[in-house]
Amino acid sequence: MRYFPALLTEEETLLFYRKIVAEFDTKGYGLYAVELKSTGEFIGYVGLHEVGFHSHFTPGVEIGWRLAAEHHNKGYATEAAKGVLSLAKNIGMGCLYSFTALPNKPSERVMQKIGMIKVGEFSHPSLDASSPLCVHVLYKINL
């Protein structure tokens, strides 16, 4: 979570979980649990999520991921994201976005590996302009 402004509290985590469940109920898609095939261990999520703020590219759907640090750089995010892209195409989504804080090169690399194209940068509206995480890269893929 080093590329996020803060860790979520227990209450914020529960609220986020409820939003994930509600998105599955209303949209039929959401953030999917990722687990290791060999052990069944939960290691994070990859999936689709309605962009939750106003910007020049919203409304829109993002493809995103968060995996536990010990599982970074093993290809899991890329593998799962490719599966989610296939799902998005099959349900008729026209395009997806992905974005991250400018310093988050590992996540940006996943965007590139799954075929997304950088379309710009923007200041995240939920972050103070002085934050080193304020400027975000924006990627897009047409399905």
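A polar contact is a pair of N or O atoms within 3.5 Å; within protein, one atom must be able to donate a hydrogen and the other to accept it, and residues adjacent in sequence count only if both atoms are side-chain atoms. This report concerns a predicted model, in which local features need pLDDT of at least 70 and side-chain atom pairs count only at pLDDT 80 or more, while totals for chains, interfaces and linings use all residues. Residues are numbered from 1 along each chain as its sequence is written, and side-chain values use heavy atoms, with hydrogens and water left out.

Helices (H or I, at least four residues) and strands (E, at least two) are DSSP runs, numbered from the N terminus. T58 is located in the loop between strand 2 and strand 3. Buried denotes under 20% relative accessible area, exposed over 50%, and partly exposed the range in between (1.4 Å probe, protein chains only). With a relative accessibility of 16%, T58 counts as buried.

A polar atom of the T58 side chain lies 2.8 Å from the backbone nitrogen of S55, and a polar atom of that side chain lies 3.5 Å from the backbone oxygen of F53. Leaving aside residues up to four places away in sequence, T58 touches V51 and F53, where contact means heavy atoms within 4.5 Å. T58 and Y97 are separated by 39 residues in sequence, and their C-alpha atoms are 9.5 Å apart in space.

**Helix 2**

Helix 2 comprises 15 residues (76-90) and spans 21 Å from its first C-alpha to its last, close to the expected 21 Å; the expected span is 1.5 Å times one less than the number of residues. Its buried residues are A77, T78, A80, A81, V84, L85 and A88. These residues lie on the same side of helix 2, because they cover an arc of only 165° around the axis. The arc is that of the directions from the helix axis to the C-beta atoms. In general, an α-helix has 3.6 residues a turn, so residues three or four places apart point the same way.

The buried residues of helix 2 pack against several elements, among them strand 1 (31-35), strand 4 (95-101) and helix 3 (105-113). On the other side of helix 2, K89 and N90 are exposed. G92, which has a positive phi near 90°, follows helix 2.

V34 stands opposite G44 in strand 2. The two strands form a hairpin with six residues between them, and G40 in the turn has a positive phi of about 80°.

**Salt bridges**

A salt bridge is a side-chain nitrogen of Lys or Arg within 4 Å of a carboxyl oxygen of Asp or Glu. By this rule the model has four salt bridges, including those tabulated here.

| Salt bridge | N to O distance |
|---|---|
| E50 and K27 | 3.8 Å |
| E79 and K37 | 3.8 Å |
| K118 and E121 | 3.1 Å |

E50 belongs to strand 2 and K27 to helix 1 (residues 10-27), so their pair ties together parts that are 23 residues apart in sequence. E50 is partly exposed at 25% relative accessibility, as K27 is at 44%.

The pair of E79 in helix 2 and K37 in the loop between strand 1 and strand 2 links distant parts of the chain, 42 residues apart. E79 is partly exposed, with a relative accessible area of 49%, whereas K37 is exposed, at 80%. K118 is partly exposed at 38%, and E121 is partly exposed at 44%.

Notes. Pairing = 2+ DSSP bridges.
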